[in-house]
Amino acid sequence: MVRIVIIGSGDIAKKRHIPGILQTSNGEIAGYYNRSREHSEAAAAQWGGKVYSSPEEIWKDPEADAVLVAVPTPAHYPLVMDALRAGKHVLCEKPLALNKEEAKAMVKEAEKQQKKLMVCHVQRLYAPHEKARELIRDGVLGKILTFRTFLGVKGGAAVDGKTPWKNAVAELGTHRIDLMRYLLGAEAKRAFGCLVRLEETSPETPAITGEDNAFCLVEYEGGIYGMMGFSRTSYGASDRTTWIYGTEGAMTIYGE
């Protein structure tokens with residue numbers, strides 16, 4: 001049984017991570033740590049587990065096997081590094097780090113400590129994506145030539161009455177950047193893109209404070225070209241469609 005401490009109990013932890021851990025057969029919640037002790041106490045009262053007063057208290061606890069880091073991205077690096085050095089396994093929300101130097105240091109430390117370090121790219125585990133990868137690997141579509149992928153959602157929900165900071169690439173695009181590597185089995189060689197803010201106010205939910213749209217053209221190994229779009233202004237409905245075109249056929253994921 002893996003005993004997991006959740007660091008940060010915001011929306012993603014409450015809606016995704018905590019229910020997920022509670023449904024597993026080999027994991028349980030050891031406790032919670034937040035900058036606001038009140039939030040930790042509320043989580044413990046609702047789902048069980050103890051309240052930690054500081055990260056250092058987690059690192060010293062022999063009953064804490066792993067940590068789930070679900071805090072804003074700038075705080076990922078110090079928490080992940082300290083957790084690994086303390087001998088804890090780590091599951092970190094995406095994006096893993098602010099830059100490649102931080103990410104490489106995290107991976108190196110995990111290897112040094114012989115601990116698992118994983119990032120929450122959950123879209124690899126969606127059944128349609130697993131099937132799509134299988135078909136591509138089996139050559140059903142022939143040689144892959146091009147693709148288009150889009151991930152769009154509504155703005156962002158207010159947190160404690162405050163308009164949240166969100167970024168179309170950090171919050172959405174990381175999922176699809178990773179997914180296309182997974183589906184195509186290829187690495188990107190070069191990219192051209194733009195990150196923009198198009199909406200100051202939202203008709204349905206509070207506007208976010210970061211850039212709300214991103215668009216990118218990418219060249220992959222093997223001569224594959226693709227277009228990516230990420231948006232937090234898809235107010236009509238979520239758009240999660242991916243199209244992949246090969247010499248022997250085409251595939252639509254999440255289409256009619």
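## Close-up views of the model

**View A. Phe147 has Gly226 in strand E10 as its bridge partner.** The model is predicted, so that local features need pLDDT of at least 70 and side-chain atom pairs count only at pLDDT 80 or more, while totals for chains, interfaces and linings use all residues. Residues are numbered from 1 along each chain as its sequence is written, and side-chain values use heavy atoms, with hydrogens and water left out. Helices (H or I, at least four residues) and strands (E, at least two) are DSSP runs numbered from the N terminus. Strand E7 (residues 144-152) and E10 (residues 224-231) are parallel partners, joined by seven bridges; two strands pair if DSSP finds at least two bridges between them.

**View B. Six strands form an open sheet in the order E8-E9-E10-E7-E11-E12, with mixed pairing.** Strands E8 (188-196) and E12 (250-253) are at the edges, each pairing on one side only. Helix H7 lies across E7, E8, E9 (213-220), E10, E11 and E12, and runs at about 155° to E10. Axes are lines fitted to C-alpha atoms, for helices over the stretch in contact (heavy atoms within 4.5 Å). Angles run from 0 to 180 degrees between N-to-C directions.

**View C. Strand E2 (residues 27-33) is largely enclosed by the rest of the structure, because six of its seven residues are buried.** Buried means under 20% relative accessible area, exposed over 50% and partly exposed in between (1.4 Å probe, protein chains only). Strand E1 (residues 2-7) pairs with E2 in the parallel sense over six bridges, and Ile7 stands opposite Tyr33 in E2. From E1 the chain crosses through helix H1 (residues 11-23) to E2 in a right-handed β-α-β crossover. Right-handed means that, with the strands pointing away from the viewer, the path from the first strand over the helix to the second runs clockwise. E2 is also joined to strand E3 (residues 50-51), by two bridges in the parallel sense, and Tyr32 has Val51 in E3 as its bridge partner. The β-α-β crossover from E2 through helix H2 (residues 37-47) to E3 is right-handed.

**View D. His175 is a buried residue, with a relative accessible area of 12%.** His175 belongs to H7 (residues 168-184). Apart from neighbours within four places in sequence, His175 is in contact with Lys94, Cys120, His121, Val122, Gln123 and Leu151.

**View E. The second largest pocket has a volume of about 480 Å³.** Of its 17 lining residues, those closest to the centre are Leu96, Ala103, Val119, His121 and Arg181. Helix H5 (100-113), strand E6 (117-119) and H7 each give two or more residues to the lining, and H7 gives the most, with five. On a 1 Å grid over the protein atoms alone, a pocket is an open set of points where a 1.4 Å probe fits, with protein on both sides within 12 Å along at least five of seven lines; lining residues have an atom within 4 Å of a point. Grid points are joined across faces, edges and corners, and a volume is the space filled by probe spheres set on the points.

**View F. Arg124 lies in the loop between E6 and H6.** Arg124 is partly exposed, at 29% relative accessibility. Beyond neighbours within four places in sequence, Arg124 is in contact with Glu130, Asp178, Arg181 and Tyr182. Arg124 and Gly31 are 93 residues apart in sequence, and their C-alpha atoms are 28 Å apart in space.
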